[in-house]
Amino acid sequence: MNRAEFVSLLLCLGSVLCTSSKLRSWRTPATFVGGTAPSNRYTSGAALTDDNKLIIYGGCGAAGRLSDMHLLDLSAFQWNDLDSASVGTPPPPACGIGVIYYNQSLFVFGGMSAQGVVADVYAFNLRSLAWSVVAASGAAPPARSFPNVATMKGRHYVYGGITTAAYLYNGGDPDVYELDLAASQWTRYPARPIAPVRVLSAFAAHEPSLRLFLFGGATSLTSLTQDFNVGLHDDLFQFSLATREWTRLNATGSQPLKSFSTSMGCSANLIYLFGGINPVGQTNAVYRLDLDTLIWTIAAPMDAHGAPSLPRVVFAFAMGPDKFVVHGGNSDPLVCPCSGCCFPSCN
């Protein structure tokens with residue numbers, strides 16, 4: 001298979017290249033056992049399953065908005081198309097979706113479809129290969145694209161995003177929404193005592209401490225067109241599920257620059273932050289934050305050929321206990337992900 005058809009980069013957090021554990025390694029699969037890989041795309045969703053499989057869903061490609069789903073076995077590097085055997089009604093084709101994996105199911109929330117922003121939650125059961133709409137009562141989040149999503153202990157969390165069809169000009173929603181899957185109940189947590197209203201920020205859940213973390217992002221996409229430096233942020237916030245309050249954290253060390261369209265995830269007591277755009281341009285940097293000391297350090301990922309991974313934005317990102325996976329995205333820093341146009345994915 002041609003590498004121009006698919007790029008999937010794995011940062012193996014457990015593959016220590018020196019005893020200080022400061023150097024990690026990028027791995028770009030060069031050979032696949034079989035199957036048909038997803039087409040080039042950006043603003044798609046990704047998730048890692050409990051049995052070391054990667055799911056890629058939706059996004060935007062050369063044909064426009066997508067609703068296809070692909071599964072890659074990361075042990076055998078075998079692609080499988082899940083659409084042909086699926087039943088039920090899938091979500092509408094959309095870009096800027098939120099994707100979560102939990103308990104053998106893939107959950108899809110939000111996005112921008114041809115009809116506008118989406119509010120429904122869809123579930124795909126990986127055992128029965130059946131789609132269903134998740135019916136839940138309570139204070140559900142308004143429709144939005146590019147939502148920040150995370151999951152902890154059977155509950156899904158939604159924060160931020162772009163909430164109107166005129167989504168180039170909206171700063172998002174500052175409240176946190178919780179979906180209790182067992183009770184089929186939404187709960188809204190109003191922003192207090194501060195409201196970090198952001199779009200295209202990085203978001204992650206740390207289950208051991210029951211905290212959500214938010215880094216950077218833009219006040220609004222309009223603010224970026226007015227003043228790139230003022231419109232971007234480099235601050236770090238936590239939302240405690242115990243107190244249901246936001247707190248700004250004062251981290252030190254080699255801190256990331258102001259940026260948007262970054263992604264992050266938690267592994268043990270560490271946060272990993274990758275990619276996006278900062279005032280210097282696109283970045284392929286990987287930052288690591290120790291949650292015990294609140295000290296940032298810079299990881300130095302290199303691929304098998306000794307070259308850094310390709311910088312990209314609006315890519316699919318999935319975090320596992322020993323790695324994170326990056327798929328697709330856009331390599332042009334001047335392309336706005338919300339322009340409604342389709343551009344080639346990273347090659």
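Helices here are DSSP runs of H or I with at least four residues, strands are runs of E with at least two, and both are numbered from the N terminus. What you have open is a predicted model, so local features need a pLDDT of at least 70 and side-chain atom pairs count only at pLDDT 80 or more, while totals for chains, interfaces and linings use all residues. Residues are numbered from 1 along each chain as its sequence is written, and side-chain values use heavy atoms, with hydrogens and water left out.

**Stop 1: the whole protein**

Colour by pLDDT, the predictor's confidence in each residue, from 0 to 100. The mean for the protein is 79, and 77% of its residues reach 70 or more. Now select residues 302-308, where the pLDDT is below 50; this stretch has 10 contacts in the model beyond near neighbours in sequence. A contact means heavy atoms within 4.5 Å. Residues 333-347 also have pLDDT under 50, and the model gives them 42 contacts beyond four places in sequence.

Switch to a surface view. The protein exposes about 13900 Å², with carbon and sulfur atoms supplying 53% of it; the area comes from the Shrake-Rupley method with a 1.4 Å probe, and for residues only the protein chains shown count as cover. Of the 347 residues, 55% are buried. Buried means under 20% relative accessible area, exposed means over 50%, and partly exposed lies in between (1.4 Å probe, protein chains only).

**Stop 2: His 70**

Select His 70 in strand 5, which covers residues 64-73. Is this residue buried or exposed? It is buried, because its relative accessible area is 8%. Show the side chains of His 70 and Asp 68, and you'll find a polar contact of 2.9 Å joining them. A polar contact is a pair of N or O atoms within 3.5 Å; within protein, one must be able to donate a hydrogen and the other to accept it, and residues adjacent in sequence count only if both atoms are side-chain atoms. Leaving aside neighbours within four places in sequence, the residues touching His 70 include Thr 36, Pro 38, Arg 41 and Trp 79.

**Stop 3**

Next, pick out the open sheet whose four strands come in the order 7-8-11-12, with antiparallel pairing. Two strands pair if DSSP finds at least two bridges between them. At the edges are strand 7 (98-102) and strand 12 (130-133), each pairing on one side only. Strand 11 (residues 121-125) pairs with strand 12 over four bridges. To see the two strands face each other, select Ala 123, which stands opposite Ser 132 in strand 12.

**Stop 4**

Another open sheet has five strands in the order 13-17-16-15-14, and its pairing is mixed. Strand 13 (137-138) and strand 14 are at the edges with a single partner strand each, so one side of each has no neighbour in the sheet. Inside this sheet, strand 16 (residues 176-180) and strand 17 (residues 185-189) run antiparallel, joined by five bridges. Look for Tyr 177, opposite Arg 188 in strand 17.

Then move to strand 14 (residues 148-152) and select Thr 151. Thr 151 counts as partly exposed because its relative accessibility is 23%. Its side chain makes a polar contact of 3.0 Å with the side chain of His 156, and it also reaches the backbone oxygen of Arg 155 at 3.2 Å.

**Stop 5**

Go to strand 23 (residues 263-267): five of its five residues are buried, so the strand is largely enclosed by the rest of the structure. Ser 263, Gly 265 and Ser 267 point one way, while Met 264 and Cys 266 point the other. Strand 23 pairs with strand 24 (residues 270-274) in the antiparallel sense over five bridges, and Met 264 has Leu 273 as its bridge partner. The two strands form a hairpin with two residues between them, and Ala 268 in the turn has a positive phi of about 55 degrees.
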